[in-house]
Each structure stands twice: as structure tokens, then as C-alpha cells.
Amino acid sequence: MATTEDNLHWFKDAKFGLFIHWGLYSQTAGEWKGHPTEGGEHFMLYERIPLKEYATIAKDFNPVKFDAKKWVRAAKHAGMKYLVYTTKHHDGFCMFDSQYTDFSISRCAFKEHPKADVAKYVFEAFRKEGFMTGAYFSKPDWHNQDYWWDYFATPNRNVNYKIERHPEKWEAFKTYTHNQIGELMSNYGTIDILWLDGGWVSPRNNQDIDMTQIAAMARAKQPGLLVVDRTIHGKYENYQTPEQKIPEHQLPYPWESCVTLTTDWGWVKNPVYKTPNRIISILMEVVAKGGNLLLGVGPTAEGLIEQPTVKRLQEIGRWMQKNGKAIYHTRITPNYHCGNVWFTADKNGRTLYALYALPEGETLPAVIEWEGNVPERGTSVRLLSTGQRMKWIERDGKVAVTLPAKLAGSTEPIALQFDTPLPKQNKK
């Protein structure tokens with residue numbers, strides 16, 4: 001049976017995951033009553049939409065084209081190794097079959113569909129293909145009367161009543177939250193990651209949800225579970241999760257940057273995409289700094305991952321098939337960056353990879369240069385995708401690698417490998 005430490009090692013080797021945001025916000029696709037909304041999947045708060053009015057969206061949410069096997073196929077083609085699936089966002093709408101609320105996909109227009117408990121089919125499909133599976137869950141719940149009580153106004157994202165004056169309501173909300181997390185940990189097979197969002201629900205904000213009890217309960221049901229109580233930076237955060245950004249430097253603990261493929265987490269009409277090369281360059285930087293990349297994709301209201309998304313994931317995957325050795329199972333190096341070049345290391349400590357992150361709109365140069373990480377004399381420098389040897393020289397600590405003429409004008413990032421010889425005493 002895998003331990004938490006085992007799963008953390010697996011996580012650190014995986015490097016690249018898929019983050020699915022899917023919910024009622026997918027149905028509105030970034031619009032409300034004919035105008036663009038602010039706040040993305042938080043738009044109910046930003047647009048000041050009354051809860052009862054917001055809840056009417058569920059009457060039309062009927063994702064009849066949902067097919068988790070297509071999702072996992074797209075993720076697998078991209079070279080992804082794990083999944084984090086949004087089971088419930090801040091709006092409280094459950095994308096799993098909860099017995100503690102009627103505000104869920106299994107009780108809306110989709111309820112008669114044989115796959116109405118979509119979470120079951122998502123987790124099963126990804127697990128079957130060898131993916132690590134993670135359940136995103138929002139600690140705050142704007143639909144729950146014990147968090148947002150309609151007796152009071154809802155001026156911001158926090159609980160809207162004074163807990164010290166109404167402790168019974170907060171206790172009821174804690175019970176509700178614990179029960180729902182218990183469902184996720186009990187009814188959906190092996191779950192490897194519990195990814196808790198809504199960091200403002202914490203003791204520091206006088207919103208103590210009792211993470212000690214949650215973590216104990218969850219790990220009793222799912223031994224080896226990684227818990228992410230994101231932004232809290234405490235003992236219930238097995239790894240940290242910067243959002244839509246990359247740390248400036250290497251970090252001394254496990255971490256994961258969650259970044260969207262478009263500009264939004266959920267699906268919106270006419271999305272603005274990042275290019276495959278941009279995602280690859282982000283992945284290079286993240287891995288060189290010791291982290292993972294969790295790439296956000298939002299299925300449509302019908303349950304589809306759109307073809308433009310699939311195409312970009314395929315292009316990323318083609319690059320990963322040729323260059324994955326420089327990403328998967330790698331470790332950091334002390335000298336990890338120089339200009340457009342990022343460095344990773346094999347676990348043997350003797351093999352280095354130089355990954356050239358191609359700036360947007362530029363083509364590969366004839367010569368790639370960097371300082372530091374000088375290959376030992378006699379070491380070959382190879383193009384990882386083909387194994388072809390490169391000509392290289394070193395002068396005053398600066399390395400210059402001449403690329404093949406056939407790569408002139410290429411707009412695809414590349415990776416180079418240094419084949420460092422074994423120490424002489426180990427040679428036969």
C-alpha cells in the first residue's frame with residue numbers, strides 16, 4: 001500500500017498534470033444576460049447575482065456529450081500524468097453525487113443520464129489509464145445557508161455572519177463540509193490528492209473548519225493521500241500551489257504551478273489560447289525550478305474538450321514524446337538557468353539536460369550559448385529528440401552548441417543532453 005511519502009515521490013516525478021474546471025460557470029460561458037461577466041467561475045459574487053437566480057442555471061446544465069474517455073485520451077496525448085478534477089467550486093454546485101444537497105449535477109437537468117454522477121466516470125477513466133487522481137474541493141460554499149445565510153448580505157467571499165454569534169450555524173457548516181469530503185474519499189475509488197481551495201476558510205480568518213479532523217478522516221479512508229490545503233502553508237499542505245505564476249527561484253519543498261491553457265479556468269466563448277510552445281516553455285521553467293505544471297482546461301457546457309484545445313494538447317504531447325526524458329523523473333541542478341536555457345538533471349546526477357525555451361515569435365538560433373554547466377572534456381552533447389551529436393566548444397566558462405542546419409528557422413523548443421562519462425575507476 002502506497003504511503004504519503006511514496007505518492008509524493010510519484011508526484012515529483014510526474015511533472016505534468018491536467019486541471020479540469022467544470023461547473024455551472026461552463027453553462028454561462030463568461031456571459032450573463034447578454035454581457036461579459038467578471039470574476040470567471042466566481043462571477044456570481046462579482047455580478048451580485050442572487051443565489052436563487054444563479055441556481056436557475058442548473059435547469060439548463062445538461063452535458064449530454066460528456067465522455068470522460070475522450071478527456072483522458074487528450075490528457076494522455078499531451079503527456080500528462082495526473083488529474084485534479086473540480087468536484088465543487090465556491091458556488092457550491094457539486095460535480096459529484098452528494099447526498100447532502102440537491103445542488104448537484106446528479107439532481108439537475110442531467111439527472112436521468114446514466115452517467116449523471118460524472119465524477120465516478122472521470123476518476124475511473126483516468127485511473128484506468130494509470131493517472132494519479134486528485135479531487136479539488138472548495139471549503140467555502142456560497143450556496144449553503146450555513147456559510148452564506150440569506151438573512152444577511154454577501155459583501156465578499158467570506159462567511160457572511162459573525163461565527164461567534166451563531167456558532168451553531170458554523171458547526172452545521174463544518175459537519176456539512178466534513179460529510180461531503182467523506183463522500184469523495186469513500187465513494188470514488190482510490191483518490192491520491194485532496195486539493196482543497198478557498199484558503200480564506202482558515203483559523204487565521206476565524207473560519208476554523210477543523211483541518212486536523214478532515215485530514216485524519218480523509219487519510220483513514222485513503223491511505224497515502226496527499227493533502228493540499230492551499231495558501232495556508234501549514235502541516236496540511238503536502239505541496240504548495242502558486243496560481244497563474246511561477247516562483248522566481250527554486251523552492252526547497254514540493255510545489256506545483258497551476259496555469260490555464262487559455263485566460264480562464266472555466267470554458268468561455270471565443271477563448272484566447274496560449275500557444276503550445278508557450279506551455280512547453282512554462283513547463284521547462286517550472287521543472288528546472290523543481291516544480292510541476294498543472295495545466296487548466298475547461299470543458300464546454302456539453303461536456304466536450306473543444307478541438308482547438310485537443311489540437312494544442314496533441315502538439316505539446318508530440319514534443320513530450322521526443323523530449324520527455326528532460327522533464328519526467330528529473331531533479332534540479334544548482335545552476336538551472338541562463339538566458340533562454342533551463343537545466344534539469346537525471347537522478348544519476350551525471351546526465352544534464354539543457355532546454356531551450358523559444359520566445360514567442362522567434363526561431364531557433366544557429367548557436368545556443370550558456371554559462372556554467374560546462375560539459376566535461378570528452379562528453380558528447382546530443383539533440384535529445386534524435387540523438388544527433390552537436391558540435392560544441394567551451395571558452396572561459398561559456399558553452400556554445402552549434403545546431404544542425406536543418407533546425408534553422410524552427411519554431412519548436414529543443415532539449416539537449418550531456419552524456420557525462422562514468423568515473424575512470426568504474427570503467428571496464
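This is a predicted model: local features need pLDDT of at least 70, side-chain atom pairs count only at pLDDT 80 or more; totals for chains, interfaces and linings use all residues.
**Notes on the strands and cores**

1. As for β17 itself (residues 414-419), 5 of its 6 residues are buried, so the strand is largely enclosed by the rest of the structure.

2. Now have a look at β8 (residues 256-260). Because 5 of its 5 residues are buried, this strand is largely enclosed by the rest of the structure. Side chains in a regular strand alternate between the two faces of the sheet. In β8, Glu 256, Cys 258 and Thr 260 point one way, while Ser 257 and Val 259 point the other way.

3. β8 runs parallel to β9 (residues 292-297), with 5 bridges between them, and Glu 256 stands opposite Asn 292 in β9. To get from β8 to β9 the chain goes through helix α9 (residues 276-288), making a right-handed β-α-β crossover.

4. On packing: the largest nonpolar core has 100 residues, and Trp 22 and Tyr 85 touch the most other members. Helix α9 supplies the largest share of this core, 8 residues. Leaving out residues up to four places away in sequence, the contacts of Trp 22 include Phe 61, Trp 71, Tyr 85, Met 95 and Pro 299.

5. Another core, of 20 residues, lies apart from the largest one; among its members are Val 341, Leu 352, Tyr 356 and Leu 403.

Technical notes:
Residues are numbered from 1 along each chain as its sequence is written. Side-chain values use heavy atoms; hydrogens and water are left out. Buried means under 20% relative accessible area, exposed over 50%, partly exposed in between (1.4 Å probe, protein chains only). Helices (H or I, at least four residues) and strands (E, at least two) are DSSP runs, numbered from the N terminus. Two strands pair if DSSP finds at least two bridges between them. A crossover is right-handed if, with the strands pointing away from the viewer, the path from the first strand over the helix to the second runs clockwise. A nonpolar core is a set of buried Ala, Val, Leu, Ile, Met, Phe, Trp, Tyr and Cys residues joined through side-chain atoms within 4.5 Å. Contact means heavy atoms within 4.5 Å.
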